[in-house]
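Please keep the sequence and the coordinates at hand while reading.

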Amino acid sequence: GSEMCIRDRVDAPNWSELTMNVEMPDYTGVDTYELPPGGGPHAILEGSSLTIQGVANKLLTSAGLKVGDGETRWPMIAGDSGNWSLVIPSDQLIGGKYAFDLADEMQLRSSRPATFTIKVKPDRPPSVRGTLLGISGLVVPRARIPVSYTVGDEFAITKMNLEHAWTGKSSNSVPQAGVIDLTRLDPELAGQLGQSEIKSVAVADIEPLNVPVDTSLRLTVTADDNNTLTGPGTGKSREFLLRVVSEEELRADLLRREIEQRKAFELIIGNQEKLVFDMQAVSDAVSASAPQMTPDEALDNLRDAQRRQKLVGTNVSRIADRFQEFLVEAINNRLDAAESEIETSQSIEERFTKRIIQPIRALDTNEIIRAGQLIELASRNVIYDANSNQKSIDTDALNAGIRDAIRKQNEVIDLMRDILAAMKDSETYQEIVNKVIEIKRTEERIREKAREKRDQIGGGDIFDDDDGENMFDDEENPDDKEKDKSGDDG
């Protein structure tokens, strides 16, 4: 009994000082760091080692560390001045709850030993985000595809690729796949490898891939990290699915979308004309011998008109954005080259940029904004009287302000109609170009089939007759001419 009383009064062995330092794998380039005090849980990168050093509150005869419910797994080494130390190598450090096992000279052990929890985290692969620029879901076999990508890793990115795959439409087609080093497509990338974050744009020319028409092409951006221990870790962007189509099909689709935007523009013109009508209605209502609109109603109508005028500007700007996208898409698919061969002054860039996009931008930033300002100035002629707590209308000034606003709005409508005419001209020209190019492609296909036929029959022209002469040659044989002449003499 006396021995038990002594044990109750004696302090159990424990740490008075304790430090735990993590040494991360060499490839991380991160210096050794100390874990914060407390039991954690502490997240430690896979492949790290843990060095523990402690000073006990009393002399110890042994010290060790165990994990989970197991026996003491790592004995600690006694040093000078009561220091005890332990190194858990990277191949032994596991996740779990660790507990110290300390014994003093009386072999007394703590009933509540110091503990801590470790969570071993893997080195996550790089995060990769990608976007295709200036490309819809349709591309031609000669397309150039700009790929914008943003990559991040905890430590460093060492390699980036563009994976591509496609399978022909026939049932016996063999799947095709390949990898392109992104430094070949983006020369600036080579100088960024080794960083933890990379953001750039690469342009992939798919013509060398010889992808046939009516095929689904899949593209993925990948990135490797510098994990030399368990990696490399490879991160992937989402997969981009593109349908490879003929130039004729893409042109037809672009024309369809162009017509959709023209129709949307016509609706905006209608909204602008309705706005002019409603502005005039406000002026007529407040000018009647018996006013048909209160000051509050007039002010509400003008504020609504100002909002609607701003919305017109927003909507026409969106139309310009769409045409800009069409232009970039046409250039990326090399459609502009064929049109420039027909007539340079009617190229896609000429028609879209100078006759549609730029005029819409100017219309929005200059005329439409000014129309909205004039509506706001007109509304100031609905005056609030603080003494009477009522609003009144300066009718003459209000009508003059509305006239100024309507004059500017009509100018806007005239400019919109000019742009609409340019859109219709572009559609008509595009229809003609599409037909011309279709005819040229048909001629090329006929010539190709003729060449194949010629090769099949032994190298002669398919239009040659049996003696090798062209059956459609109108020139007469000299001997025939002599016969004809002698016949005439007879």
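The paragraphs below take up a sheet, the aromatic pairs, a helix, a pocket and the cavities in turn. The model is a predicted one.

The sheet is open and consists of five strands in the order E2-E1-E4-E8-E7, with antiparallel pairing. Its edges are strand E2 (33–34) and strand E7 (77–78), each of which pairs on one side only. Strand E1, residues 15–23, runs antiparallel to E2 and is joined to it by two bridges. On the E2 side, Glu34 is the bridge partner of Asn21. In general, the strands of a sheet pair through backbone hydrogen bonds, in either a parallel or an antiparallel manner.

The aromatic side chains come next. Seven aromatic pairs are counted in the model.

Another pair is that of Phe323 and Phe352, whose ring centres are 5.2 Å apart and whose planes stand at 90°, so it is edge-to-face. This pair links distant parts of the chain, with Phe323 in helix H4 (residues 295–332) and Phe352 in helix H6 (residues 348–379), 29 residues apart. Phe323 and Phe352 are both buried. Elsewhere, Trp15, Trp74, Tyr98, Phe100 and Phe116 make up one aromatic cluster.

Helix H4 itself is 38 residues in length and spans 56 Å from its first C-alpha to its last, which is close to the 56 Å expected at 1.5 Å a residue. Just after H4, Arg334 adopts a positive phi of about 60°.

Now to the spaces in the model. The largest pocket holds about 230 Å³ of space. Its lining includes Val140, Pro141, Arg142, Val213, Asn333 and Arg441. Helix H3 (247–287) and helix H7 (395–456) are the elements that each give two or more residues to this lining. Which element gives the largest share of the lining of the largest pocket? H7 does, with three residues. By residue type, the lining of the largest pocket divides into six charged, three nonpolar and two polar residues.

Two cavities of 30 Å³ or more are also present. The largest cavity contains about 90 Å³ of space. Twelve residues line the largest cavity, and Leu254, Glu258, Ile348, Phe352 and Gln430 are those nearest its centre. Phe352 is thus a member of this lining as well as a partner in the pair with Phe323. H3, H4, helix H5 (335–342) and H6 each contribute two or more residues to the lining of the largest cavity. H3 gives the most, four residues. The lining of the largest cavity is made up of seven nonpolar, one polar and four charged residues.

The second largest cavity has a volume of about 40 Å³. It is lined by Leu162, His164, Ile180, Ala204, Ile206, Leu209 and Leu219. Six of the residues in this lining are nonpolar, one is polar and none is charged.

Terms used
Residues are numbered from 1 along each chain as its sequence is written. This is a predicted model: local features need pLDDT of at least 70, side-chain atom pairs count only at pLDDT 80 or more; totals for chains, interfaces and linings use all residues. Side-chain values use heavy atoms; hydrogens and water are left out. Two strands pair if DSSP finds at least two bridges between them. Rings of Phe, Tyr and Trp (its six-membered ring) pair if their centres lie within 6.5 Å; planes under 30 degrees apart count as stacked, over 60 as edge-to-face and the rest as tilted. Buried means under 20% relative accessible area, exposed over 50%, partly exposed in between (1.4 Å probe, protein chains only). The expected span of a helix is 1.5 Å times one less than its number of residues. On a 1 Å grid over the protein atoms alone, a cavity is a set of points where a 1.4 Å probe fits but cannot get out, and a pocket is an open set with protein on both sides within 12 Å along at least five of seven lines; lining residues have an atom within 4 Å of a point. Grid points are joined across faces, edges and corners, and a volume is the space filled by probe spheres set on the points. Ala, Val, Leu, Ile, Met, Phe, Trp, Tyr, Cys and Pro count as nonpolar, Asp, Glu, Lys and Arg as charged, and the others, Gly among them, as polar.
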